[in-house]
Amino acid sequence: MTTAAGIATTTVSTTQQAPLGFRLTEPAASGGDATADLGEKEWVYILADEALAVGDVVVINTADWANPWHGIQGNGGESRAEVLGVAGHIIASGSFGFVQCRGYALYVKGDGSVAQGEDVVPHTAGLCDTFADGEEEQVIGLALAADAANLAGTGHSVPVFAAMINCGV
């Protein structure tokens with residue numbers, strides 16, 4: 001999926017290619033392949049203030065509230081409104097790119113205890129954990145599978161899972 005200016009959701013650059021906070025909706029697809037019938041996906045354009053790996057939960061860098069589209073790995077305890085999205089690809093520190101904020105996310109980093117059908121919340125080091133009482137405002141998605149072994153090329157060595165996510169405001 002690309003913008004009218006030709007910027008793809010996977011475009012990562014050290015120069016800004018779109019306004020920060022720009023949202024791009026990837027339309028639902030139908031057909032017989034693995035990407036069909038998963039619904040729309042929404043992506044938001046950010047500046048990564050630290051390196052982001054595939055599946056990282058990305059939150060507003062609270063060291064700089066004046067720039068809400070600057071993202072870092074989640075550290076746990078963030079409300080859903082503070083979560084920008086989940087990194088769908090590697091974004092180097094100081095680079096601009098899209099993170100997924102809504103829809104079917106193939107790779108979300110887990111803490112090793114996420115089970116299929118559980119609500120998930122930001123944990124530490126960009127990971128998700130299962131929802132516990134008192135964390136209602138932190139729920140960012142629903143695990144569609146249990147977190148399992150790392151997949152090659154994702155840039156990290158922690159378990160990942162697929163989820164339906166709904167992050168941010």
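Glutamate 42 touches Arg23, Leu24, Thr25, Val99, Gln100, Cys101 and Arg102, when residues up to four places away in sequence are not counted; contact here means heavy atoms within 4.5 Å. The residue is found in strand 2 (residues 41–48). Glutamate 42 is buried, with a relative accessible area of 18%, where buried means under 20% relative accessible area, exposed over 50% and partly exposed in between (1.4 Å probe, protein chains only). The model is predicted: local features need pLDDT of at least 70 and side-chain atom pairs count only at pLDDT 80 or more, while totals for chains, interfaces and linings use all residues. Residues are numbered from 1 along each chain as its sequence is written, and side-chain values use heavy atoms, with hydrogens and water left out.

The structure holds two salt bridges, a salt bridge being a side-chain nitrogen of Lys or Arg within 4 Å of a carboxyl oxygen of Asp or Glu. In one of them, the side chains of arginine 23 and glutamate 42 meet at 3.3 Å, N to O. Arginine 23 lies in strand 1 (residues 23–26) and glutamate 42 in strand 2, so this pair ties together parts that are 19 residues apart in sequence. Arginine 23 counts as partly exposed, at 29% relative accessibility, whereas glutamate 42 counts as buried. A salt bridge also joins the side chains of aspartate 56 and lysine 109, at 2.5 Å, N to O. Because aspartate 56 lies in the loop between strand 2 and strand 3 and lysine 109 lies in strand 6, the pair ties together parts that are 53 residues apart in sequence. Both aspartate 56 and lysine 109 are buried.

The protein contains zero helices and 10 strands. These elements are DSSP runs numbered from the N terminus (helices: H or I, at least four residues; strands: E, at least two). Along the sequence the pattern is β-β-β-β-β-β-β-β-β-β. Of the 169 residues, 46% count as buried. Among contacts between residues at least 6 apart in sequence, 59% join residues at least 24 apart. The protein exposes about 7500 Å², of which carbon and sulfur atoms supply 54%; accessible areas come from the Shrake-Rupley method with a 1.4 Å probe, and for residues only the protein chains shown count as cover.

Strand 3 (residues 57–60) is joined by three bridges to strand 5 (residues 83–86), and the two run antiparallel. Strands are taken to pair if DSSP finds at least two bridges between them. Valine 57 has valine 86 in strand 5 as its bridge partner. Strand 3 is also joined to strand 4 by three bridges, again in an antiparallel arrangement, and here isoleucine 60 has glycine 71 in strand 4 as its bridge partner.

Isoleucine 72 is placed in strand 4 (residues 70–73). It is buried, with a relative accessible area of 14%. Apart from residues up to four places away in sequence, isoleucine 72 touches Asp49, Glu50, Leu52, Val57, Val58, Val59, Ile60 and Asn61. The C-alpha atoms of isoleucine 72 and valine 59 are separated by 5.5 Å, although these residues are 13 apart along the chain.

The structure holds three aromatic pairs. Rings of Phe, Tyr and Trp (its six-membered ring) pair if their centres lie within 6.5 Å; planes under 30 degrees apart count as stacked, over 60 as edge-to-face and the rest as tilted. Tyrosine 45 and phenylalanine 98 form an edge-to-face pair, with 5.1 Å centre to centre and 65 degrees between the planes. This pair links distant parts of the chain, with tyrosine 45 in strand 2 and phenylalanine 98 in strand 6 (residues 96–109), 53 residues apart. Tyrosine 45 is buried at a relative accessible area of 0%, and phenylalanine 98 is likewise buried, at 0%. Ring pairs link Phe22, Tyr45, Phe96 and Phe98 into a cluster.

With a disulfide defined as a pair of cysteine sulfur atoms within 2.5 Å, the count comes to zero. Cysteine 128 is in no disulfide, and the nearest cysteine sulfur, that of cysteine 167, is 7.9 Å away. Cysteine 128 is buried, with a relative accessible area of 0%. For cysteine 167, the closest cysteine sulfur is in cysteine 101, at 7.0 Å, which is too far for a bond. Cysteine 167 also counts as buried, at 0% relative accessibility.
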